[in-house]
Structure formats: structure tokens, C-alpha cells
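Trainee: I am new to this structure. Could you show it to me and take my questions?
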Amino acid sequence: MKIRRIFLFIAIVFTLNFTAGAQNIINYFIDMPIYLLPSFDKILKQELVENYQKNPERDSINNLLGGKTRLLSLDTIANNLKIQSTSASKVEIQLINRPDSSRIIGIINTVCAPICSSYIKFYDTEWNEIKVNFPKITIDNWLNPSNSEEQNKLVKNAVRIDFLEYNFSSDGKKVVVHNRSEKHLDIENRKEIVSLVDFEKIVEIELLELIK
């Protein structure tokens, strides 16, 4: 088994080097430091990608923690990759082109326990973290314009804004924000609050405004 993994490692490295221009997101995913994805070493990540490319239905493997990890999607055009790292967590990786032709890597970690909540970080291509001025998102983004001041005050007292789920847009140029806080409301407050808040609204943040 160990010899098979070594040969697999060599074969995939050769393939990735040969096709690096078309599969940059794959290279960065495989080179991602283990502290950013502790359940996976380089060989396991290579095996996961290879399985998905050969047959998307064979997209899960056992990770180092004994659980299952699944590759949800791989887009080498938009340079985006999504994995279900555990039964309750997801990781999304986006390769982002800057105006000066340099690149950075965005990583969204989402935990659903059971309500989903995300955090996002950015790195250069050497995996050094980059600080960005990510905008503070408040419940104000979802308040109905027709609300009174008292109604808005009621909402702000009742709704926790901790439950925000992030994704990268399909073109890799925006962060898309969904408010999952409705699921945290108790039955007593739910009926009144949902009439004052547009929980279906999607907030979009332009990546180039963050990383320019």
C-alpha cells in the first residue's frame, strides 16, 4: 500500500507539472500547508483530485482524522475548488488575479453545527497571510426599507449576525454572503422578525475592492 502511494505521488506530480498552466488551483490546493487543512497531507489531496478527475462519483476518501472528505467541485477555468472536509465543515479555495498580474489565494472555511457560519482569509502564493479590510457586515444589510425605527431596534435585539455563510461567486470575482440567522430565531420571535428582514437577500462584496 505504501509503495502504491509513492508511485501515485510521482505520477500525479508529473501530470500536474505538465498541465500546470490549466490547473493552477489544483497545484495550490496540493501545496496548501497542512496547518490550513490538518486532515489532509499532500498525497491524500493528490489522490482526491485524481479520483475526481477520473470519475466525479468517486470523489471521497478517508482523511487523516478517520473521517470522509469529499471533493464537491473543481473548476480550473474559474480557479475554484470546494471540499466537504468533514461532515460538518466545508472549505472553498479561490485563486484571485490582481490588477498587477500577481495572484492571491482566498480560503473560506464554513462550519455548520447545525447553522452555517463562515470566516474568510487571504494568502499570497507562498502561503503568507495577507490582511485585508473585509467590510463589517451587519443586520442593516437585510432590513426592509419600510421598517420603522422601533422595528429595526426589535430586529437588532433579536437577531444574531454570527451566522453568515460565505461563498465565492461562480466567476471568482466576488464574495457572496447569505444570512443564515433566521434558523437561530426562536418560535416566539420568528413570525414577527421574518416580516421585517429579507433573509433571502444576497450581499455581494467585490474581491478587487478588498485586494487592490
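Trainee: How many of the residues of the protein count as buried?

Mentor: Of the 212 residues, 42% do. Buried means under 20% relative accessible area, exposed means over 50%, and partly exposed lies in between, with a 1.4 Å probe and protein chains only. Bear in mind that this is a predicted model: local features need pLDDT of at least 70, side-chain atom pairs count only at pLDDT 80 or more, and totals for chains, interfaces and linings use all residues. Residues are numbered from 1 along each chain as its sequence is written, and side-chain values use heavy atoms, without hydrogens and water.

Trainee: What makes helix H2 largely enclosed?

Mentor: Seven of its eight residues, in the stretch 24–31, are buried, so the rest of the structure largely encloses H2. Among them are Ile 25, Tyr 28 and Phe 29. Helices here are DSSP runs of H or I with at least four residues, strands are E runs of at least two, and both are numbered from the N terminus. The protein has six helices and ten strands.

Trainee: Why are S1 and S7 called edge strands?

Mentor: Strands pair if DSSP finds at least two bridges between them. Seven strands form an open antiparallel sheet, in the order S1-S2-S3-S4-S5-S6-S7. S1 (60–62) and S7 (129–130) each pair on one side only, so they are the edges. Strand S6 (residues 116–124) and S7 are joined by two bridges. In S7, Ile 130 is the bridge partner of Phe 122.

Trainee: Which strands does H2 touch?

Mentor: H2 packs on the sheet and touches S2, S3, S4 and S5. Contact means heavy atoms within 4.5 Å. The direction of H2 makes about 125 degrees with that of S4. Axes are lines fitted to C-alpha atoms, for helices over the stretch in contact, and angles run from 0 to 180 degrees between N-to-C directions.

Trainee: How do you know that S9 and S10 pair?

Mentor: They share five bridges, in the antiparallel sense. Pairing needs at least two, so S9 and S10 qualify. Val 177 has Val 203 in S10 as its bridge partner.
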